[in-house]
Amino acid sequence: MKLAEAAEIVLGLIWAGQPEAARSLVDPRSPDGDPAKFLIDRRPARVIQPYDGWPVPINLGWFSGSYDPPAISGGTFHWYAFAIPKRRRYAADHYLICDYLQMREWVRSFAAPRGDTHRDHYRWRADLLLYPGEQEGYLRWGDEPPGVTDLPGRVFQADNLATIITPAPAGQHVGGYGPGGESAAHKLLKLYVASHPADFGLSPAAVAHVEYSFATGDRVDVMFTNHLPDRTVIEVEVEGEHEICVGIHQAIKYRSLAAADAGYPLLTSRVRSLVAAYATDYARARELADRYDIPLISVDRSKVLTGPR
């Protein structure tokens, strides 16, 4: 695919498929004469086109602690703008916007499964694999075995310019996060929980309510009704001891809100609360969960983060 064609895909989809608030952030003019560059929120973006994968320009200084942006064609850029053409694999064209700080994390977390760290290479080969439905995908480095999609932090949301309107949570970067700051990995797990009640001790007749809203404005990830106990609220986290502990506190709150919402006593067996995550085996989280009777359920990430069929 030629660079001009890739740029046309990215800019065309941005202009055609996003709200005015997002489109107004994009200036198609190149800041330095590179025809593959344009501006997003007044910062340079560089189109990356597929060629036997996607050749990703990086900054070698990242490996020694630098936070300097990457450079190409004589100038630096802040955003990677990947063109994902439909060709034979997908039903439609797509793109991924990723800031260079997210790319820095993806590069530095590469585990060199074949021994080569590639830390002397200014370009890395990536594959962007969209899941069925073509709304989310997974970034796989070239040396990683095909079909391996077991790192939640590599899951991204496609066609994601709208993420720039609502900043990602503190410490996170644009690329893995969708509108409102929800990670694609979190979203996929939440939808998996909602569609697999039996995995969480519920009857097949249980009815899932995703992002159920209480009178306080709080929203639980998933609440099941039409089963015994009457209500089960599930807080979804991805992984990490701190995150799971926060999820347990949330689950305690949602258990009380779900009871009050239905008119039940606060301490009732008619409402159950639990936390679901890809990883839950953390000592501090286990102790906290046991203390407040919040079951922790680990979900096999291979069942959720599956690659294209």
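## Ground rules

Since we're looking at a prediction, local features need pLDDT of at least 70 and side-chain atom pairs count only at pLDDT 80 or more, while totals for chains, interfaces and linings use all residues. Numbering runs from 1 along each chain as its sequence is written, and side-chain values use heavy atoms, with hydrogens and water left out.

Helices (H or I, at least four residues) and strands (E, at least two) are DSSP runs numbered from the N terminus.

## Nonpolar cores

Let's start inside. A nonpolar core here is a set of buried Ala, Val, Leu, Ile, Met, Phe, Trp, Tyr and Cys residues joined through side-chain atoms within 4.5 Å. Buried means under 20% relative accessible area, exposed means over 50%, and partly exposed is in between (1.4 Å probe, protein chains only). The largest core has 29 residues, and Tyr-80, Phe-82, Met-103 and Trp-141 have the most contacts inside it. At least two core residues come from each of S4 (54–57), S7 (79–84), S8 (94–99), H3 (100–108), S9 (123–130) and S10 (136–141). Apart from this core lies another, with 25 residues, including Tyr-131, Leu-188, Ala-194 and Val-299.

Strands count as paired if DSSP finds at least two bridges between them. By that rule, S4-S9-S10-S11 is the order of an open sheet of four strands with antiparallel pairing. S4 and S11 (155–157) stand at the edges with a single partner strand each, so one side of each has no neighbour in the sheet. Direction ignored, neighbouring strands here are turned by 40 degrees against each other on average; axes are lines fitted to C-alpha atoms, for helices over the stretch in contact, and angles run from 0 to 180 degrees between N-to-C directions.

## The five-stranded sheet

The other open sheet has five strands in the order S12-S13-S14-S15-S16, and its pairing is mixed. S12 and S16 (296–298) are the edge strands, each pairing on one side only. From one strand to the next, the twist averages 30 degrees.

S12 and S13 run antiparallel and are joined by six bridges, with His-209 opposite Met-223 in S13. Helix H5 (residues 241–262) packs on this sheet and touches S12, S13, S14, S15 (271–277) and S16; its direction makes about 150 degrees with that of S15.

If you're checking torsions, begin with the cis peptide bond between Leu-228 and Pro-229, where omega is about -5 degrees. Pro-229 sits in the loop between S13 (219–225) and S14 (231–236).

Then there are two glutamates. Glu-134, in the loop between S9 and S10, has a positive phi near 60 degrees and is buried at 15% relative accessible area. Glu-211 lies in strand S12 (residues 207–213); its phi is near 55 degrees, also positive, and at 23% relative accessibility this residue counts as partly exposed.

Note on methods
Contact means heavy atoms within 4.5 Å.
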